[in-house]
Amino acid sequence: EAGRAQNRRVEVEVWYDEQEEKLSLEEVVVPEEIKRIKVCRTQTVCKLRYREGHARRARVRNLIAPLRFDDESVALPDSFIRLVEQTLQNLSDEQNVTLKLIGFTDDAPLTGRAERIYGTHLSLSKARAHRVALALKDALDLPTAGIASDGLGAARPLASNQTERGRALNRRIEVEFWHDDPLQELPDEPQLCPDAADAEWVTKIHEPSAGPLAELPIEGGEPQIPAGYANDLRRGLAEVAARTNPRLRFLGFTRNAGLDRRTALVYGDDIGLSAARARRTLQKIQAELQLAGNQVEHEGRGYVHSDDVVNAGFVAGETSHVVVQVVYDELAENDDLDGIDITRFTRELSPKNPLALNLMRISVDGEPIDDPGRSFADLQRCTDVALERADIQFG
C-alpha cells in the first residue's frame with residue numbers, strides 16, 4: 001500500500017526559452033581549379049585461337065581408371081582393353097574421337113635397364129605410354145588418327161613418393177578422350193587471363209633463324225654428327241635464352257623392321273632402341289656444349305615417324321635417325337585448353353567511368369602490395385611523376 005501511494009503522483013517541470021546557434025548548408029563556389037592527374041594503369045589480357053586440327057575440341061577425363069604398372073613393365077589386361085572399347089562405343093555419336101594416353105612415373109631413381117636405356121623419368125613415361133598406345137591400336141583396330149600418347153615423368157604425383165604404396169599409385173597411364181564439340185567457341189575479343197593457379201607449362205618448339213636442324217642418321221648403331229652442328233644448336237639455344245627452361249630435345253627413330261634377337265634382348269623393342277640412340281646423341285652434344293642436365297632431354301619414338309599422330313597418323317619410317325629440337329616452356333592457362341594457343345599482351349587500362357576503378361595503389365620501394373600482376377616499377381614511376389607535378393606527396 002505504501003509503494004502504490006508513492007507511485008500516485010504529479011511531477012512539476014520548469015521550462016524557459018534560450019537562443020542557440022544552428023548549422024545550415026550553403027552552396028559556395030571554390031575559386032580554384034581542380035586538377036585531375038593520370039594514374040598509369042595497365043591490364044594483361046589473352047587472345048585465344050585454336051591450333052590447326054584442334055578446333056572446337058572437348059576433353060573427357062576419368063571415364064577409365066588409370067592403368068597401373070610395376071617398375072619393369074606395363075601389362076595390358078583384357079579388362080582394360082574392354083573398358084576402352086566400351087567407352088569408345090559410348091562416344092560413337094561424337095565426331096573425330098581421339099584416345100590419348102599420358103604416362104607418369106614415381107620419382108625413385110632409375111636402375112637397371114630403365115636407367116641404361118631411358119635415363120630420365122620423362123623419357124621412360126613417354127615410352128610406356130607410347131607402347132600402350134600401339135598395343136591398343138592393334139587390339140582394337142583403331143584408325144591411325146584415333147590414338148595419341150605423351151608422358152610427363154614424375155610430375156603430378158597422386159600420392160606421396162615416400163611409401164611403396166604411394167609410388168605404385170604414381171606409376172600410371174591416364175586415359176583421355178577427345179572429340180569435336182560444335183558448342184565450343186573462342187571469343188574474338190581479348191579476355192582476362194585465368195589465374196596462374198589454373199595454368200600449366202607447355203613445351204614449345206623453336207624454329208632457329210638459320211633454318212631447320214638436319215636429321216642425324218644412324219650408321220653402325222651410332223649417330224653421325226656433322227661438323228658445325230653443335231654450333232647451330234648453340235645459336236638456337238641463344239635465340240631462346242630469355243624464354244623459360246630453354247633446352248635441347250633429342251628424339252630417336254628406328255626403321256620399320258624387326259629387331260634381331262641380340263638387339264631385342266638388350267633394348268626390349270624399337271622404342272627402347274630409339275631411346276638409347278637418342279640418349280647417346282644427347283651425351284655427345286651435352287659434353288661438347290657443356291650443358292647442364294636440365295638443358296637436355298630425350299625420347300624414343302620407335303618406328304613411328306610422324307610428328308602429329310592425330311592429324312598424320314602412325315607413319316612408319318624406313319630410316320633410323322635422331323632429330324634434335326630447340327624447345328622451351330610457356331605458360332598455357334587452364335589444362336582444359338589443350339590444343340589452344342594463348343597469346344598474352346599488355347594494354348593500357350582505361351575504364352569508361354574513372355570513379356568505377358580504385359586508381360590509387362600503394363607500393364613499398366616501388367613494389368605494389370595490394371595490386372599483384374597489375375603494376376610494376378615503370379608504371380609506379382609514371383604515377384610518381386604525375387603526383388609530383390600535381391604537388392602531391394605520399395609517404
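Two strands pair if DSSP finds at least two bridges between them. Helices (H or I, at least four residues) and strands (E, at least two) are DSSP runs, numbered from the N terminus. The model is predicted: local features need pLDDT of at least 70, side-chain atom pairs count only at pLDDT 80 or more, and totals for chains, interfaces and linings use all residues. Residues are numbered from 1 along each chain as its sequence is written, and side-chain values use heavy atoms, with hydrogens and water left out.

**View 1. The hairpin of S9 and S10.** Strand S9 (residues 216-219) and strand S10 (residues 222-223) run antiparallel and are joined by two bridges. Glu219 lies opposite Glu222 in S10. Two residues stand between the strands of this hairpin, and Gly220 has a positive phi near 65°. Buried means under 20% relative accessible area, exposed over 50%, and partly exposed in between (1.4 Å probe, protein chains only).

**View 2. Helices H2 and H4 where they cross.** The axes of H2 (residues 78-90) and H4 (residues 121-140) come within 11 Å and cross at roughly 70°. Axes are lines fitted to C-alpha atoms, for helices over the stretch in contact, and angles run from 0 to 180 degrees between N-to-C directions. The two helices H2 and H4 are therefore roughly perpendicular, a term for angles of 65 to 115 degrees. From H2, Phe80, Ile81, Val84, Glu85 and Leu88 make the contact with Val132, Leu136, Ala139 and Leu140 of H4; contact means heavy atoms within 4.5 Å. The residues of this contact of H2 with H4 comprise eight nonpolar, no polar and one charged. Ala, Val, Leu, Ile, Met, Phe, Trp, Tyr, Cys and Pro count as nonpolar, Asp, Glu, Lys and Arg as charged, and the others, Gly among them, as polar.

**View 3. Helices H6 and H8 where they cross.** H6 (residues 229-239) and H8 (residues 270-289) have axes that come within 10 Å and cross at roughly 75°. Tyr229, Ala230, Leu233 and Arg234 in H6 meet Ile285, Glu288 and Leu289 in H8. Five nonpolar, no polar and two charged residues form this contact of H6 with H8.

**View 4. Arg156, a residue other than glycine with positive phi.** The phi of Arg156 is near 55°. Arg156 sits in the loop between strand S5 (147-151) and helix H5 (164-170). With a relative accessible area of 36%, Arg156 is partly exposed.

Key: Parallel < 35°, antiparallel > 145°, perpendicular 65-115°, else oblique.
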